[in-house]
Amino acid sequence: MSSRQSIVIVFLMMALVLSACGAGVAPVPATEPASPVGEEAGVSGDLVIYSGRSEALIQPVIDAFKVKYPEVNVLLKAGSNSELANALIEEKANPQADVFITTELFTVQSLVGEGVFQSYLPAGAEQLPAEFLGPDNMWTGLTRRVRVIMYNKDLVTEAELPTSIFDLTDPKWQGQIAAAGSTNGGMQAQIAAMRQLLGDEATEEWLNGLIANEVTFFGGHTDVRKAVGAGEFKIGLVNHYYYYLQLAETGNVGVIYPDQGEGQIGLFTNATAAAVVNGGQHLDAAQAFLDFLVSADGQKLFAELNYEYPLLPGVALKEGVQPLDSFRLADVDVVKAALDFDATFDLIEKVGLP
């Protein structure tokens with residue numbers, strides 16, 4: 001067993017202990033089929049998708065795909081990135097999945113090294129930013145997201161608001177912060193980006209500061225945003241779209257795009273991605289699905305339903321979502337940061353991040 005595989009399995013076990021979430025394969029309900037036309041009529045049969053994205057966030061996209069390809073029977077297995085990565089490694093000799101969707105680049109890049117994927121460049125993917133196309137087209141970026149601080153407006157005044165992620169170690173917030181923990185891809189990716197930008201020592205100091213400040217670490221961001229919305233915590237560290245999802249539900253939360261001042265580091269960003277599983281049984285359907293994900297229709301769904309930043313140029317953002325070009329972004333190569341996953345996991349383990 002390689003060290004990379006061992007890392008994935010270790011973090012799988014942590015994920016199972018912390019989240020204990022089920023991930024059974026379940027058929028996706030079919031929507032009213034449209035009349036197939038052209039090449040769409042030639043794609044049929046099953047399509048098995050392993051998704052690190054929650055079912056609620058990916059199913060509308062699958063439903064839209066089924067309208068376009070009504071002869072494809074989609075089966076979805078949703079779970080944590082670590083859990084699904086471990087399954088893909090275990091199944092390499094007899095692949096059960098056709099497509100893998102991940103919430104960050106960390107997991108997908110580690111699986112490239114395990115030989116889990118096969119090369120495929122989706123139709124139209126050449127329009128995406130080159131940095132979000134995996135080496136040898138082993139994976140394709142889908143959407144971009146940024147790390148923000150959300151807060152409960154009933155509990156925090158504007159004068160009190162933090163302006164930087166480094167403010168989260170201030171003792172005045174002790175016991176009042178929620179964040180996703182060590183098994184969450186968004187947190188892993190942020191730590192990787194911080195290591196590249198700031199080095200191990202500064203990143204370790206920040207992580208130890210969070211732990212000392214009694215931050216409560218959840219398995220995922222949905223729990224974080226709901227807890228902040230319910231007033232269980234004053235502030236939470238999340239991906240930006242969780243703020244918008246909570247705002248739509250309760251309306252009592254605000255958002256801070258941190259580290260925008262002179263001399264501050266800027267926003268950390270990451271990307272979702274999809275890949276075709278090497279040796280999957282339904283290659284035509286898998287490729288058609290990736291084509292759809294990077295198409296204008298697919299990208300629009302991510303923007304409209306999930307408040308994300310589409311990677312395809314020209315796709316409009318959801319109303320109210322601030323464009324990325326209005327912010328200072330951290331000077332980090334997210335793909336390069338993802339490549340150094342072993343060292344990032346070592347640091348997470350060293351500090352004992354829950």
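Modeller: Axes here are lines fitted to C-alpha atoms, for helices over the stretch in contact, and angles between N-to-C directions run from 0 to 180 degrees. The model is a predicted one.

Colleague: What makes α5 roughly perpendicular to α12?

Modeller: The axes of α5 (residues 185-198) and α12 (residues 341-351) cross at roughly 105° and come within 10 Å. Angles of 65 to 115 degrees count as roughly perpendicular, so α5 is roughly perpendicular to α12.

Colleague: Which residues of α5 and α12 meet?

Modeller: From α5, Gln 188, Ile 191, Ala 192 and Arg 195. Their partners in α12 are Ala 343, Thr 344, Phe 345, Leu 347 and Ile 348. By class, this contact has six nonpolar, two polar and one charged residues.

Colleague: How do you know that the span of α2 is close to the expected one?

Modeller: Helix α2 (residues 55-68) has 14 residues and reaches 20 Å from first to last C-alpha. The expected span is 1.5 Å times one less than the number of residues, which means 20 Å for α2, and the span is close to that.

Colleague: What percentage of the 354 residues of the protein count as buried?

Modeller: The figure is 56%.

How values were computed:
Residues numbered from 1 in each chain as written. Predicted model: local features only at pLDDT ≥ 70, side-chain atom pairs only at ≥ 80, totals over all residues. Heavy atoms only, no water. Helix = DSSP H or I, 4+ residues; strand = E, 2+ residues; numbered from the N terminus. Parallel < 35°, antiparallel > 145°, perpendicular 65-115°, else oblique. Contact = heavy atoms within 4.5 Å. Nonpolar A, V, L, I, M, F, W, Y, C, P; charged D, E, K, R; others polar. Buried < 20%, exposed > 50% of the residue type's maximum accessible area, 1.4 Å probe, protein only.
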